[in-house]
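Here's a chain to look over together. Have the sequence and the fold side by side as you read.

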Amino acid sequence: MTSIVNRALVTMDTEHSEQKLYTRMRLWEFQDQYVVEPTEGSSGSCLAISRVNGSMNLIGIQAIRPADRQFPMVMVRKPPSGGQGFDSHLRVGFEVEELPHSSSVQAPKTQTIYGVIGSLKLLAGEYLFMNFVFCVYIVVITEQECVGSYMGHPIFKVSSLKILPCVHSLKSSPVEQKKMETEFTVLLNAAEKTSGLYFSYDVNLTLSAQRLHALGDESKLLPLWRQADPRFLWNNYMLEVLIDNKLDSYLLPVIQGSFQNFQAAAGKDTIDVTLIARRCTRRTGTRMWRRGADSDGYVANFVESEQIVQVNGFTASFVQVRGSIPLLWEQIVDLTYKPKFQIVNLEEAPRIVERHFVDLRKRYGSVLAVDLVNKHGSEGRLSEKYANAMQHVVGDDVRYIHFDFHQICGHIQFERLSILYDQMSEFLKKNGYFLLNSKGEKVEEQFGVVRTNCIDCLDRTNVTQSMVGRKILETQLHHIGVFAADETISTHRHFDEKYKILWANHGDEISIQYSGTPALKGDFVRCGKRTIQGIMNDGWNALSRYYLNNFCDGIKQDGIDLLQGHYIVSVSRDMAPSTQKGGLEAFASLRLALVLGLTGIFFATMSLKQVRSDIRHLFFSVIWASLSLTIMTVVRANGRIFCNRPRLNKPEH
């Protein structure tokens, strides 16, 4: 037995020194703990997670019967701190456990997983009596697919997540604590459906090609999570427990956004084009519950889009960003199709805008802000306040352009975007793009960024960014020598079609994460023109957005806030996600209101049909019609309380 244990310990030390991310693991679900066992090219230490309190420690599984993966099993555990010491080569003093045979213990469930995304610790307990119970949840990847490569390394998309509860401590807890755990589970089940998650075991997806190239040799040797840009690290908060436990081999950085890739021939050359979206986590959320900026200048729906082209050994990259108008404003759902915009603390606008653009300049250099919202109406009033605030920051390294997309381009004449490009061309030419030659040497560098916004930063923004990306790609291919002076992307039909699909899919994925539906105007990006089918799809998607925004996104926002650490349940705040409701809100139910209203209309109609035989039915008809009208008036006047609203970080209005 000693020699077997020693061999296991040697393997553990070897794996620890390599610090490689595990790519394939087996999840064992025991009655008292989860065990994550690396299975691909590794026989190293395993991660044990208590199902009682979520505590983690490394163990070594020495023997698992290979034929049926049942017991007996020998588990080699690290000693607690202060226990027996360690040899300089072999770790000694481990406690060896042999689990009972399967005849007396239920065989554990097993499942292949592809990464541990992180851990969530939520507190379910009483504040006044200091009776705290932690609910811990582990998030793992159960399905993934390879979607392409980035800088020569495979990129994977998360197809399925699984949340593992470590809540055995609640079995003997009061009913109120169990109720809170149930509410958290509902929120996490919604979060389990998070879309657009991507990762790599080998390369840092949070950094653009230019920033990757600028990393020093020492930085490149660091674990991926230490290289990562925290703005785009989707599981940044959830990794904290794993970081504290120094579990580098399990620390898998994940981004949310989009990864699209294609290869196509253009003449005699094969061109590889990649388009990456990196969503910022600082003010992430759903369309109607995350608008504008926060007090630090971080904006909703901030996405960095990087277009990369590789051909003949050259690598070229161009980065654009999008983000909500950087003012304190909101648009709270109230059952109307287009709720009113509300600007909060207008006097703070110059300071918020300045903070936002100081951050952009620090990260990207010069900034060209392109505002696509309407000049008139409620959008126009918002744009006017934005333009006024921009007067305090516009200078040599910050420019502002307002382009009324709807007025100039209408619904079908998107080719008029060339007017906007003419205004942008000088900035684009001056600030350039990133380019590496066939020897991996930097030839060009990008010194500035275009920041585009509309109201949602989805539909108009994606059409505009795709136009800019197309122009830059043509410039890059001319520079590299792939295109002749008179060639454009449109010259190569097959390449052109794939390029349009690339940007259409990019816009759809970003839109689904923020609004719940694919992008509008996607037919122009996908086909180069507006189509009847595209207009019909836009109508359907607009109605879907209305339904999701009003009746689904509140709970989705709560789930996002939990995963991102924007609502941390602690002893210093009200731990219950629900609060006592009073007045109409206590029994407000849109479903009940609709049933009562339709019932009133039905009986009013039936009574009208009986008026000829008995005039008294006219009175009953008026009563029923008045009831329906009253219900509809009450619902219309109090629309907000009939909508699905966040319950954690509650809106103030």
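What follows is a quick tour, from the whole chain down to single residue pairs.

## Ground rules

This is a predicted model, where local features need pLDDT of at least 70, side-chain atom pairs count only at pLDDT 80 or more, and totals for chains, interfaces and linings use all residues. Residues are numbered from 1 along each chain as its sequence is written, and side-chain values use heavy atoms, with hydrogens and water left out.

## The chain as a whole

The chain has 17 helices and 22 strands; these are DSSP runs (helices H or I, at least four residues; strands E, at least two), numbered from the N terminus. Of its 653 residues, 52% count as buried, which here is under 20% relative accessible area, with exposed over 50% and partly exposed in between (1.4 Å probe, protein chains only).

Take the contacts (heavy atoms within 4.5 Å) between residues at least 6 apart in sequence: 66% of them join residues at least 24 apart. Areas come from the Shrake-Rupley method with a 1.4 Å probe, and for residues only the protein chains shown count as cover.

## The annotated spans and a nonpolar patch

An unreviewed UniProt entry annotates residues 586-606 and 618-637 as "transmembrane region". Positions are in the numbering used here, feature names are shortened, and such annotations may be inferred rather than shown by experiment. In the model, residues 618-637 are 100% helix and 0% strand, with the end C-alpha atoms 28 Å apart.

Leu 594, Leu 598, Ile 601, Leu 629 and Met 632 make a nonpolar surface patch of about 510 Å². Helices H16 (590-609) and H17 (616-637) are the elements that give two or more residues to the patch, and H16 gives the most, with three. Patch residues have over 30% relative accessible area and no salt bridge; like charges are joined within 9 Å, nonpolar side chains (Val, Leu, Ile, Met, Phe, Trp, Tyr) within 5 Å.

## A strand under cover

Why call strand E1 (residues 25-29) largely enclosed? Five of its five residues are buried, so the rest of the structure largely encloses it. Both faces are covered, with Met 25, Leu 27 and Glu 29 buried on one side and Arg 26 and Trp 28 on the other.

E1 pairs antiparallel with strand E7 (residues 109-113) over five bridges, putting Met 25 opposite Ile 113. Strand E2 (residues 33-38) also pairs with E1 in the antiparallel sense, over five bridges, and there Leu 27 stands opposite Val 36. E1 and E2 form a hairpin with three residues between them. Pairing requires that DSSP finds at least two bridges between two strands.

## Salt bridges

A salt bridge here is a side-chain nitrogen of Lys or Arg within 4 Å of a carboxyl oxygen of Asp or Glu, and the count comes to 27. One of them joins Arg 278 and Glu 304 (2.8 Å, N to O). That pair links strand E13 (residues 269-279) to strand E14 (residues 303-311), 26 residues apart. Arg 278 is buried at 0% relative accessibility, and Glu 304 is buried at 2%.

Asp 456 and Arg 287 also meet in a salt bridge, at 3.0 Å, N to O. Asp 456 lies in the loop between strand E22 (448-453) and helix H11 (459-480), and Arg 287 in the loop between E13 and E14, so the pair ties together parts 169 residues apart in sequence. Both Asp 456 and Arg 287 are buried.
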